[in-house]
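Me: Could we go through this structure together? I would like to begin with the sheet and then turn to a helix.
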Amino acid sequence: MITRRRFLANGAVVATAAGVKLPVWATGINVARAAAGPTAASAAAVEHGLLLGVDYYPDQTPESLWPEDARLIAEAGLTNVRVAEFAWSLMEPSEGKFDFAWLARSVEILHKHGIEVILGTPSAAPPPWLSEKYPEILLVNSQGMTVQPGGRRFTCPTNKVYRKLSLAIATEMAKTFADTPGVIGWQIDNEFTLQQWGRCYCKYCRTGFQDWTKRKYGTLDTVNQKWGTAFWSQVYTEWKQIPVPLPSNGDPNPGLALDYDRYQSYANASFAEEQLAMLRKICPRHFVTTNNVGAPLDTIDLRELFRNLDFVCHDNYPGFVQIFFEGGKMPPEQVATVVALGHDSMRSVKDGKPFLIMEEQSGKAGQSFFGPQPHPGQLRLWAFQAVAHGAMGVNYFRWDTAKFGAEEYWHGLLNHDRSKSPGFDEIVRTVKELKSLGKAGLESRYVAETAFSFDLDSDWALSIQPGNRKLSYAAQLMVWYGSVASANVGTDLIRLDGDLSKYKAVFAPVQYVVSAKQAENVRNYVRNGGVFVTNFRLGVKDESSQIVDMPLPGLLRDVMGVTVKDYVPIYNEKIGVQFGTELAGQDAECALWADLLTPQTATVLAKYTGAYEGAAAITVNAFGKGKAVYIGADLDAKSLARVLQALLAVSGSKSAFGAPTGVEVTRRQAGEKEWVFVLNHGAEAQKVMLPGKFKSALSGDAFDGSVTLRGFDAVILERQ
Ligand code: GLA
Ligand code: ZN
């Protein structure tokens with residue numbers, strides 16, 4: 001399981017009566033509220049401007065300061081706030097006694113200053129009275145320990161009491177604010193993907209899992225066959241016998257464990273769906289979304305979670321990457337790549353639709369300790385990076401800096417003494433600049449020539465049985481992504497059963513589980529001219545997490561043109577990889593894994609040295625009009641980058657911009673118009689070569705053939 005910490009440590013919608021959905025960013029500026037009562041609500045559309053705002057906590061601020069806050073927020077050029085996502089105990093001080101008067105007063109003050117409001121439903125942190133009265137709502141972690149209240153997200157997604165009370169308060173909120181001027185949308189809950197215990201293993205989840213399994217498989221015979229319960233005497237004869245994968249003096253059944261991960265994703269997504277269905281009914285003119293941790297965190301299938309939500313939101317904290325990666329020593333250029341992967345994964349959840357940053361770092365990151373101080377320019381750079389990767393807006397976290405609670409060290413736009421933070425003016429400038437890009441810029445489409453498979457089945461199944469203790473899907477994805485990202489050709493994160501035809505190259509690291517549909521899709525993609533690049537452990541398992549009963553790489557053997565003669569987890573052995581002329585370069589080291597390949601129709605690009613001397617390590621197969629490349633060895637990062645870049649060139653994907661390492665270039669298009677984002681993530685000035693004449697979309701400055709950026713600077717260019 002990749003939680004935020006583990007991941008980092010490792011490496012508008014407006015519904016109309018006709019049901020027509022307009023993109024949230026495609027509406028006009030400012031509140032132009034249609035005069036429609038609740039009954040006519042669905043016929044009207046609340047229009048609002050660009051979503052450039054801040055996360056605001058009136059629940060933690062004396063009321064006497066609210067007018068000043070609203071005035072200052074407006075003066076800073078921010079036009080919306082998100083409020084109340086952690087205010088359950090104030091909104092329902094005891095069961096069934098609701099108090100939204102304070103929130104209504106706050107919304108009114110904000111609205112008077114032209115600030116629109118996104119309301120958060122508060123289910124991420126139930127109040128003490130609730131967990132005391134209904135302790136059954138508490139999450140049980142994967143070790144069987146009941147997680148205690150006092151933090152947040154300590155709840156079971158299946159538990160009916162928790163669901164009922166979460167829906168009840170959200171419903172009361174919705175009824176109260178459905179027609180309140182200034183309210184434009186909803187964030188359901190807060191970060192379903194948060195924290196180290198992302199899954200619950202309680203008795204309610206066990207029953208929920210049994211029901212889910214019954215719906216999925218129909219009969220126990222099928223379950224027994226799909227999970228292979230003949231092993232270790234696990235044949236189930238009644239649904240209620242099915243366990244959850246809690247410690248049992250022996251690893252769990254892999255098929256059951258994979259299905260349990262799927263069930264937990266479903267449990268969270270269906271929890272959100274309950275609030276969504278209610279909000280659609282009561283607040284048809286408001287958009288509805290939820291926020292996420294900004295990395296490809298994996299406890300929930302985000303495509304499932306966001307299926308019926310209006311757009312994706314995520315929380316962007318490069319500071320977390322700075323704190324947790326490599327003991328805080330990771331250089332900013334590399335931090336930026338991890339952050340870019342987060343943005344690309346989030347944009348891809350809704351197949352390229354612009355997303356919103358619901359929380360953007362606005363100062364030093366910190367909870368119990370501080371992250372590094374952002375360098376001047378970095379706050380602007382990080383917000384621009386989000387937009388460069390497809391964000392349609394940015395909400396800064398947070399307005400003031402908390403003087404109490406677990407996040408006193410998390411710096412907002414105001415310091416503890418309410419003076420302006422070191423980043424305040426930079427944020428004001430950034431917001432102004434983003435506004436000048438306007439609707440067209442922020443609604444434009446990110447251009448991607450390549451794609452990465454982000455496959456949860458492979459990820460989950462490999463976490464359950466890594467094969468080599470150190471082998472991790474997330475780490476592989478990150479190092480592969482980092483190798484390709486620096487080519488600046490644009491990268492989506494996709495599923496192999498989706499549309500691949502628009503990509504020149506598709507990369508699929510450790511595609512451990514391959515379904516028949518995915519195999520057929522990849523086959524067609526390559527046949528029609530695509531370049532498919534994958535590596536060891538390809539196609540080992542089917543969707544039930546059973547090992548395929550055919551020579552590896554299983555269903556894709558014809559496409560890859562090789563057979564895996566043997567596979568070897570590497571621990572102490574010194575294994576090398578020697579490249580042939582096509583990939584000529586220094587020998588590589590093979591770290592965690594070696595698939596020993598025998599080519600059928602493929603050509604050998606590299607061979608092993610050492611104990612497996614002579615076996616093919618990398619092959620390419622011409623299949624139809626395309627090519628399929630199998631990288632059997634876990635190459636050291638430098639060699640991998642070289643190999644993947646060479647293969648990218650083979651695919652014909654090449655950026656027209658000449659950017660040095662550490663400078664990112666992305667493109668967004670709308671019709672004829674194109675915006676080129678050039679982001680210098682390093683501290684030194686850098687020169688970027690341009691294919692012709694450009695001008696800055698922000699300053700109007702002209703550039704012919706090159707542009708030089710100061711350290712941590714960003715420019716947005718348009719072709720002249
Ligand atoms: C998350 C949460 C916020 C806050 C920030 C900063 O993204 O959504 O409530 O905790 O991180 O830590
Ligand atoms: Zn549970």
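This is a predicted model: local features need pLDDT of at least 70, side-chain atom pairs count only at pLDDT 80 or more; totals for chains, interfaces and linings use all residues.

Me: How many strands form the open sheet, and in what order?
Reply: Eight strands form it, in the order S7-S6-S5-S4-S3-S10-S9-S8, and their pairing is parallel.

Me: Which are the edge strands?
Reply: They are strand S7 (287-289) and strand S8 (313-316), each of which pairs on one side only. Between neighbouring strands of this sheet, the average turn is 25 degrees, direction ignored.

Me: How many bridges join S6 to S7?
Reply: Strand S6 (residues 183-187) is joined to S7 by three bridges, and the two run parallel. Among the pairs, Gly185 has Phe287 in S7 as its bridge partner.

Me: What does helix H4 touch on the sheet?
Reply: Helix H4 (residues 101-112) touches strand S4 (80-83), strand S5 (116-120) and S6. The direction of H4 makes about 150 degrees with that of S5.

Me: And where does helix H13 lie?
Reply: Helix H13 (residues 378-388) lies across S8, strand S9 (355-361) and strand S10 (391-397). H13 runs at about 165 degrees to S9.

Me: Changing topic: how many residues of helix H15 are buried?
Reply: Seven of the nine residues in H15 (residues 456-464) are buried, so with buried meaning under 20% relative accessible area, the helix is mostly covered.

Me: Which ones are they?
Reply: The buried residues of H15 are Leu456, Asp457, Ser458, Asp459, Trp460, Ala461 and Leu462.

Me: What covers them?
Reply: The cover over these buried residues of H15 includes helix H9 (254-282) and helix H16 (473-485).

Methods. Residues are numbered from 1 along each chain as its sequence is written. Chains are lettered from A and ligands numbered from 1 in the order in which they are written. Side-chain values use heavy atoms; hydrogens and water are left out. Buried means under 20% relative accessible area, exposed over 50%, partly exposed in between (1.4 Å probe, protein chains only). Helices (H or I, at least four residues) and strands (E, at least two) are DSSP runs, numbered from the N terminus. Contact means heavy atoms within 4.5 Å. Two strands pair if DSSP finds at least two bridges between them. Axes are lines fitted to C-alpha atoms, for helices over the stretch in contact, and angles run from 0 to 180 degrees between N-to-C directions.
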